[in-house]
Amino acid sequence: MLHSWTGRTAGVAVLLAVLFALVVGFGSLGPAPELGAYPDGEALAQAYDAHVGDDIQVTGTVVRTDPVAVAVEYDYYADGDRHTGVLELTVTAVSTAVTEGESLQVYGTLRPDRTVVAANTVAVPAANFASMYVVSALAGLWTLARLVCGWRIDWRRGALCRRDDPLTPGRAALTAAREVLD
Amino acid sequence: MPDLLSHAFIAFTLCTLLARRYDWLTSEYVTVGMAGAFIPDMAKVKLAVDGAAVGAALDLPFDWFGIHTLGGAVVSVLVGVVAVTREDRRRVLALLSLGAASHLLADALLLKASGRSYPLLWPLTQYHPPTPGLYLSTDRWVALATGAVAAATWLAVRWRASADS
């Protein structure tokens, strides 16, 4: 079973259907503060007043520092419509220094009038995100190169197989090009 | 965790150490463990295709982060298992699982303002375990530290192998 093209394709199709059900199921989860799932920006955008007095956790970009205000972007689908926008929240009781443009995660209590009383905040400088993406891309290239060197596609069986004679990086590039051209 | 490079370094280190014990665990299989460490971050496809856009198109709630959980990782690992030949299935199952599990666990240690991480055991439970908050998702030192450990492990294993032979 699952050793032919048809078997493998059917197997992968079934698994992808399960994966689809999982992402839909995950999308339907709401806040559950007793489990540590505090209301987030999307929950506040949907029903701000319902969460006043609750502990919440949001992440936004610092747009003002005195008093601190963050712009929380939201993008969700509910009731037949996609809702995209920015929710600006004033954050009081921030104990650490923050600068404009930083990403700020805020945990605290929601008050009326778009205000959060912070219990704890975590700031991330904006520049760090760009370097994270570059470094992650390097990891992808490294692993992809290793995969091409050590594994090949057996088109007859539709399977990934180990190479009997693993390639070195230089030869790998040539062989990959040749396999694509064939 | 911070970045994919740190996750790749962690998986590389774990697999390289296991290779000391299991002779079959050659460099090609170390790569499988590293590939497993990429699985949870397939959820990052949201940067290209937002979940809300997919939800609107299908009229369903939809959140890519479901992949970044136990359930999503298990199913994705099984896709990899189906893709290889019969002889490799057990090994690929073990190594992809190890890589994916190391990623989910490392991410559960990320610093959060609330002190609670993320529902890594979903769909078993939506429980967000407390996190010790060891690092931020953008801390550069994590890649440097995990990279240094990976390099040291690789050198030590090579050195011992040459001493054995």
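Read along its sequence, chain B follows the pattern α-α-α-α-α-α. In other words, the secondary structure of chain B comes to six helices and zero strands. Keep in mind as you explore that this is a predicted model.

How confident is the predictor about chain B? Its average pLDDT is 93, and 99% of the residues score at least 70. The model as a whole scores ipTM 0.92 and pTM 0.92.

**The fold of chain B**

Chain B has 165 residues, and 48% of them count as buried. Among its contacts with a separation of 6 or more, 61% are between residues 24 or more positions apart.

Now move over to chain A. Its domain assignment gives domain 1 (1-30), domain 2 (36-125) and domain 3 (130-181). The centres of domain 2 and domain 3 of chain A, taken over C-alpha atoms, are separated by 43 Å.

Chain A contains a closed barrel of five strands, running S1-S2-S3-S5-S4 with mixed pairing. Ignoring direction, neighbouring strands of this sheet are turned by 45° against each other on average. As background, strands of a sheet pair through backbone hydrogen bonds, either parallel or antiparallel.

| Strand | Partner strand | Bridges | Direction |
|---|---|---|---|
| S4(A), residues 103-111 | S5(A), residues 115-124 | nine bridges | antiparallel |
| S6(A), residues 151-154 | S7(A), residues 159-162 | four bridges | antiparallel |

Here is one residue from each pair to look for. Val106(A) stands opposite Thr121(A) in S5(A), and Trp151(A) stands opposite Arg162(A) in S7(A). S6(A) and S7(A) form a hairpin with four residues between them. In the turn of this hairpin, Gly158(A) has a positive phi of about 65°.

**Where the two chains meet**

How many residues does each chain bring to the contact? Chain B brings 54 residues and chain A brings 55 residues. On the chain B side, helix H1 (4-21), helix H2 (27-38), helix H3 (51-58), helix H4 (70-83) and helix H6 (140-164) each supply at least two residues. Which helix gives the most to this side? That is H4(B), with eight residues. Sorted by class, the side of chain B that touches chain A has 30 nonpolar, 14 polar and ten charged residues.

**A close look at H3(B)**

Which residues of H3(B) are buried? They are Gly51(B), Ala52(B), Val54(B), Gly55(B) and Ala56(B). What do these buried residues pack against in chain A? Their partners are helix H1 (5-27), strand S2 (68-78) and strand S3 (81-92). Just after H3(B), Asp59(B) takes a positive phi of about 60°.

Notes:
Residues numbered from 1 in each chain as written. Chains lettered and ligands numbered in written order. Predicted model: local features only at pLDDT ≥ 70, side-chain atom pairs only at ≥ 80, totals over all residues. Contact = placed C-beta atoms within 7 Å. Nonpolar A, V, L, I, M, F, W, Y, C, P; charged D, E, K, R; others polar. pLDDT = per-residue confidence, 0-100. Buried ≥ 20, exposed ≤ 12 C-beta atoms within 10 Å, placed from the backbone. Domains from an automatic or database assignment. Pairing = 2+ DSSP bridges. Axes fitted to C-alpha atoms, helices over the stretch in contact; angles between N-to-C directions.
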